[in-house]
Amino acid sequence: MDLININDTIFANKFLIETTFQLEKDFFNIGVDFDIQKPVQDYKQLFSFASSLVNSLNEHDSKRILNLLYRIDLPEEKVQSEMQISSLTFSELLAELIIKRELQKVIIKNYYSKPENQ
């Protein structure tokens, strides 16, 4: 799967379960419970939950956000450049970038787990 098509993948709700589990794992690793109600119906629900959680972290423990960005390999420079062109709030943009990065990781893992791609 071509990584350029991340938005198409989100729209089609592909890898929704795997992305949710990846988010849970990475948030857990920074000591934050990503306790979303399951089953997750679509990326809109996932985005809404992630955005609320990121907003809460931003208000109460912003160091954990930086730790998460480092852990998932989302450069601060990418966040800053996206802030210049986005109409989303900081928390919404950060949630979107985090979800997209986690989805990207899931797609890569899925691609390389197939024997024909090794």
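1. Does Asp-73 count as buried or exposed? With 53% relative accessibility, Asp-73 counts as exposed, where buried means under 20% relative accessible area, exposed over 50%, and partly exposed in between, using a 1.4 Å probe and protein chains only. Asp-73 sits in the loop between helix H4 (62-72) and helix H5 (76-85), and its phi is near 65°, a positive value in a residue other than glycine. Helices here are DSSP runs (H or I, at least four residues), numbered from the N terminus.

2. This is a predicted model, in which local features need pLDDT of at least 70 and side-chain atom pairs count only at pLDDT 80 or more, while totals for chains, interfaces and linings use all residues. Residues are numbered from 1 along each chain as its sequence is written, and side-chain values use heavy atoms, with hydrogens and water left out.

3. Phe-15 also has a positive phi, of about 60°, although it is not a glycine. Phe-15 is placed in the loop between helix H1 (6-11) and H2, and at 18% relative accessibility Phe-15 counts as buried.

4. In the loop between helix H2 (16-29) and H3 lies Pro-39, and the peptide bond that leads from Lys-38 to Pro-39 is cis, with omega near 5°.

5. Ser-52 is found in helix H3 and is partly exposed, with a relative accessible area of 49%. Between Ser-52 and Glu-102 there are 17 Å in space, C-alpha to C-alpha, and the two are 50 residues apart in sequence.

6. Tyr-112 belongs to helix H6 (residues 90-112) and is partly exposed, its relative accessible area being 49%.

Conventions: Helix = DSSP H or I, 4+ residues; strand = E, 2+ residues; numbered from the N terminus.
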